[in-house]
Every structure is written in C-alpha cells, then in structure tokens.
Amino acid sequence: MLSSVAVINKMERMNEPYYKEVQDFYISDLKKPTLKEVNIWPCSGRSSSSSGVYFSCPHVCLCLSLLCLIGGLLGHPQCLDYRPPFQPPFHLEFCSAYENFGCCDQERDNSIAAKYWDIMDYIDPRGHKLCGTYIKDILCQECSPYAAHLYDAENPRTPLRNLPGLCFDYCSEFHFNCYSTISLLTSDKHIQECCKTNKTRFCNLLHLHDEDYCFPNVLKNTALNRNLGSVVEDHKGCLQLCLTEVANGLRNPVLMVHANDRTHRMFVAEQVGVIWVYLPDGSRLEEPFLDIRSIVLATPWIGDERGFLGMAFHPKYKYNRKFYIYYSYMDKNRVEKIRISELKVLASDANKADPRSERNLLELEEPAANHNGGQLLFSVDGYMYLFTGDGGKAGDPFGKFGNAQNKSTLLGKVLRIDVDGKSPDGKPYRIPPDNPFVSDPKARPEVYAYGVRNMWRCAVDRGDPVTKKGRGRIFCGDVGQNRFEEIDIIVKGRNYGWRAKEGFECYDTKLCHNSSLDDILPIFAYGRNVGKSVTGGYVYRGCESPNLNGLYIFGDFMNGRLMALQEDKKTNKWKKQDICIGSTRACAFPGMISSYSKFIISFAEDEAGELYFMSTSYPSAYAPHGSLYKFIDPARRAPPGKCKYKPVPVKTKSKWIPFVPRAKTVLELLNEPSTTKPLKKSSTSTAAIPTVSSRKAKKTPSTKIKASTVKPAPSGKKRQKIKAEAKPHKPKQEEKVAHISRTTPAPSLPKKKSFHLTRTKKLLPKKAALAKEKLEKKRNESRLSSSS
C-alpha cells in the first residue's frame, strides 16, 4: 500500500502511455506458501498489533480515503487498461457474471480461472466450500465494468490497489471466514502483517469512499447498471461523448481525407491551399503534400468562404495515383472562378503531389465571393460528385428563378461526372449515361440534382458493417438563408427547393406555390434558436465505438453545437439529439479532453471509419488556431483486438514532426492545484491533506468560446456568417512550457512487485526529494501545533 510520501510522489509522475498493452497490468506475482494445504478457520483473535509495518494503519486509511475522494469524482465504467468496457465476443466460462458486459475477453477469463485453481490447490476441502466463492468473486473484479474504480486505477497517476474495494459487510464476512487466504491473494507483506488477523484494519484498507461502487454493492445499484454500455445521456437527453486531440496549429482546416490505400495516412487541407500528411502514429510530415498558395484565392477576412475547399482521391488511386481538388482562384482578367482539377502523386514519393500534373476538368465563374460550395467525393458507383453553391449574395437573385432552379447553369447543383473518360464535345470528362437530364435540351447533362443553396460538407454512407444497409447514401448539410438550416439525402434528379423553399417552409412565395416543382424535403431542418450555419457530417460506421453505429453526426459552424440524427427504421423519420462534450465524469480517461474550438468547419472519416471534426477558435484562413479532434464513446468500446489494423508502410523522405497536444485532458484538469484555501492543520495525520487539495476537480471549461466584437466581413461573405462572433486566440507562454514538459518522459524507478496488478512508476528525483522535505516540514509543524 502507500505511504504518505508515496501519496505525494505519485502526484509528480508523468502520465503512462494511453496505448500501453493490457497485459502489462496483469503481471502475476503470486507467492505460494510452503505448506501444501492451508487450514481455514474462523477468526478467533482481534490483534491490533502493527509490528513489522512500515507505517501505521491509520495513516493508510486516511491516505486511501483521500484517494477515494478523488476516485469518487471519476467513478464510471472503466477497465484496468484505462479504457471503456466492452461486450466479450465469446462466452466467459469462469467470470460468467460479466459475460454480457465487462473488461475481460475469453483469454483473460481463462487466465483468472487458472489463477483461481492455482490458489485452491493450497486450500483444504473445507476451505473450498467456505471460501471458494469469495476468492472467485474477488479475482473476477478485474472483469467488472467498474474494475478501474475498484482498483483505484481511473487515474494512471494513482498506484493500483493490491485487492479490489470491498464493501465493509462483505469484507468482514470474508475476513472472518477466510482470513488465512489473504496470503494467497496478495504477496504484500504489509497487508499480511498489518491486517491478517485484524478485520477492521483489513477492511479499512479495502474501503472505497463511494459505497455505491464497492463490491458487491456495485452489482445491485440499478442506477449505475440500468443503461450500462449504452451511450451516456444527461438529464436533458444530451449524448455524452468525448474527444481526443489529433492535430493543432492548422490554418482553417477545411477537410481531412484518406487515400483508401491501407496506409491509414490522413491528408489535412488548410483553406490557404496547403495539404499536410499525418501518419498513423500521429506525427506530421514536415514538407506538405501539396502547396498551391500562390494560385488559391484566400484572404485573412473573417468568414471569407473562398480558398481551397475540396479534395478527393480516385477510387483506384493505388493504381493511377490520381486525386482531385476544388479551389477558388482569380484569372488574368481579375474574374473570380472555381476550378476543379486532377493531379497525380509523384512516382518517386508517395507523400508528394506533382503540381505540374494539374489537368483542369471544370471551371465556373463566381458572380459573388460567397456560396462557393466545395465538396468533391466519389460514391459507390465510381463517379465523382461535385457540390456547387448558388453563386452568392442573398436570396439567389440571378435570373428569373435564381441559379439553383435553373438547370442550364451549373451553380446551385449537385453534379456527377465520369473522370475516367472524355466527352465527344472535347470536355475532359464523360457524362454518365444515366444522369437524369442527359436528354433534356434545357439542362446541363452534368446536373444530378438541383435547387441547393450552398451545401457545405457532404459524405457517403459506408453502410451498416454487417447488413450493409444504407450503403451509398449521400448526406449533405445545406446552409440556409436566414431562417433554417437543413440536412438532405441526395436523390437523383430531385429538386431540393431553393430558392422557393428554405427548410420545410416557403422562401419565395411565388415559386413555392408553383405546382410543377418536384422538390424533396430535408430529413431534418432547424431554426435560428438552434444554430445559424450547418456543417454536414458523417454516418458513423467505425469499429471502436459500436454504440454510435448508424448515427449521423453533424454540427453548426456558428455556435459550435454538435448534433446527431438517429433514423427510426419503422417510420423512416430522423430524430435529433444534442451531443455534449466534456463531462468530467464521463470523460475521465487518459488522453480525453473536455473542450474544443468553437467554429466547426468540417467533419471527417479516417480509413478505418472513425469519425473526426475540425474547428478553429478564430475563423480566418491565415490564423493557425485550428484543431482536429476524434470522437470517442466513453460508455463502450469494441472488444480488444477487433479493431486492430496493420497500416501498409510508406517510405517517407520528409522529416517527421511528432504531435504535441495543446488541449488539457480531463485528468490534467482534475489534477490541477485547487484555488481553494487549504484545510487548517490540527494533527500529524493532516500532513496528507495538501496533496489531496492539489488534486481536487477543477470545473471543466465550456465548449463555447466567448467572443469579442470584430469588424464584420465584407458584404457577400454569407456562408459562415461570422459578423461579430470571433475572438483572436492568444497563445500563452505558460502553455508552451507545459506542453514541453508533458512530452518529456521522466526517469523511471525500478518496478516494485506486489500481486498481479503492477504499474511502472515514473518519478522526477528532484521533485521527490522536495516532496519528502516538504512532508517532513509539515509533520514538524503539525507536531508543534499539536503540542502547543
């Protein structure tokens, strides 16, 4: 167990790696007695002797109680590998109480069973009957969904208990009947010598501050277990999800895509026209994949919608090295245009595009500076889909019906082309023969759907991992004029209503009542009380968070709100739920953060299907305050090993820049020193109190960033609608120092053997000496105060 010095020392330890293998925490150190059998007898004596113990039990109880006070802040389903529990893929033969949901797979279950029978070999037949159930229950707590709480492992900086937390009544029964088996369950001599024949001391050692979480109370608590494994909801029904920071320092990151080449690289594009390569280990290549800043039209104006806007890799990229980009530029006559081009990756470097290979596919003149669209994607049919804006300004004022309703223009449309062919009229692409308007002389043959205002971020649904239902659906967020934002599913040949309709309601009364309009309604629309500028997202089809399968997750650019739509399979209606990020209780896992930058620019999906989003605290194309975040469900994960993949190695010629996090994790916030006054010292035992006060929970920051008034963007910059909501982000010098310290590993001390759950302890020698000196000083002060 812990001494008072150890309690202070552990606060100085560096965080252990989040990806550390589970088995590192299950090192067996079971010491067997010299005699073949152990006789079990009821406890006849209540010795209070503590001879041989290097500190008194009252100190232990105080320290553990204070540690449990911190644990009470964090109590939530969590395993000893610091991750959420899971549903085992196969039946558990031994710890069967946890076969539906817990922390053990079949391999771990077999290991615990072997340990159990190893112990039982040293117990006589009477002991089998009397103590077998107790021993099995105690060993199986490693499989409990609350294993981390039972073993005080929710914070990697907290040394693991030797035995799980037991409720006092249960512990008393176990000690009375089976105290001689304690030496078989733990080799910690301090526990054996201090408490083998002293029930009160032993059970105080195993005491948990929160009685709801001790065993077996934790099994009976319906409030804890009612929805165990489901997405956590707060009292308002808001889904509690968590985030990890993946990248930062980006200038308005507008997209992240993968090449679908099994390398699991991520290509992140900035609005200014630079694309970066991120490797599977989180590092970034120093040299960009593509840099066309000299061509891309982008300005520092807040909310300017022009710039590098879209990118997609060819479905057969592995073989032809082709990819496609969508960006704003100004021609030699000073006319603003949208250009869609094809490029190739260098044969000599898979992480470098060849800018000289650019082949223009399509150019569109932009009558205004806003509503530039920007999405490129390939659907399951192999064709490329392009999503253009209506040309800008307010109310699509171009022509009699506006650009969006005019099928003879390519603005305000969903276009579909075949990039692998050429048209007879010389166009560098072919028109798919089943495009809906190929035989309409008044329509452009590229048009696939029309009546859209400014679709900002669309995505193809991969389909259910098992049934493949939903595969190929294209979801889009269409930014509204001034009343409604909408989510649409793209259907061939359909009219999405703009400018006749906005959301479910009329915008242009005359057009709206035109019976010839064959418009299609959005699957969801929301008003200005919810948000002001939709950012379309993705349907989650990843592996790591099974609860999220089928949820369409999207957000609002202006207020930073995250939302989800769940389809009712019976009615085909979509129900909206809010997503809340940053619950201290739900997100108290290593590496998880409790806040994000407000302005949500784009969503993304990696090659494995996991979901991300990009946002910034200052929405200017030249401001390096953008970050990339990954969604995590804290309630449940996939079984260990299920989501493993082996990236295909890629030769790199550029230097690797390791990722340095900037956002504080929930655990770091909880471990920050409290600003409250320390408790008054009254006795020697209060020496540990300052340590606990330094670990008190700090209220997590809001996900919303306060904004100061800034000069509004020039007229016509409508899509992002910033006006006066952005506040420049000023990096703090102190933060920079903290970041460096978090990435510098401390020297490690030798491992200390203690039972089957161990952890490498890392300690800074100077800090340890200071802590010890500080503790001695506080002890002397306490002695003086108590004697006076």
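Here's a short chat about the disulfides in this predicted model.

Colleague: What should I know about the model, and how many disulfides does the structure hold?
Modeller: It's a predicted model, where local features need pLDDT of at least 70, side-chain atom pairs count only at pLDDT 80 or more, and totals for chains, interfaces and linings use all residues. Residues are numbered from 1 along each chain as its sequence is written, and side-chain values use heavy atoms, with hydrogens and water left out. A disulfide here is a pair of cysteine sulfur atoms within 2.5 Å, and the structure holds 11.

Colleague: Is the disulfide of Cys104 and Cys143 left-handed or right-handed?
Modeller: The two sulfurs sit 2.0 Å apart. The torsion about the S-S bond is about -90°, so the Cys104 to Cys143 disulfide is left-handed.

Colleague: Are Cys167 and Cys214 buried or exposed?
Modeller: These two are joined by a disulfide, S to S 2.0 Å. Buried means under 20% relative accessible area, exposed over 50%, and partly exposed in between (1.4 Å probe, protein chains only). By that cut-off, both Cys167 and Cys214 are buried.

Colleague: How many residues apart in sequence are the parts tied together by Cys242 and Cys587?
Modeller: Cys242 and Cys587 form a disulfide with sulfur atoms 2.0 Å apart. Strands (E, at least two residues) are DSSP runs, as are helices (H or I, at least four), numbered from the N terminus. Cys242 lies in strand E1 (residues 239–250) and Cys587 in the loop between strand E24 (574–581) and strand E25 (599–605), so the parts tied together are 345 residues apart.
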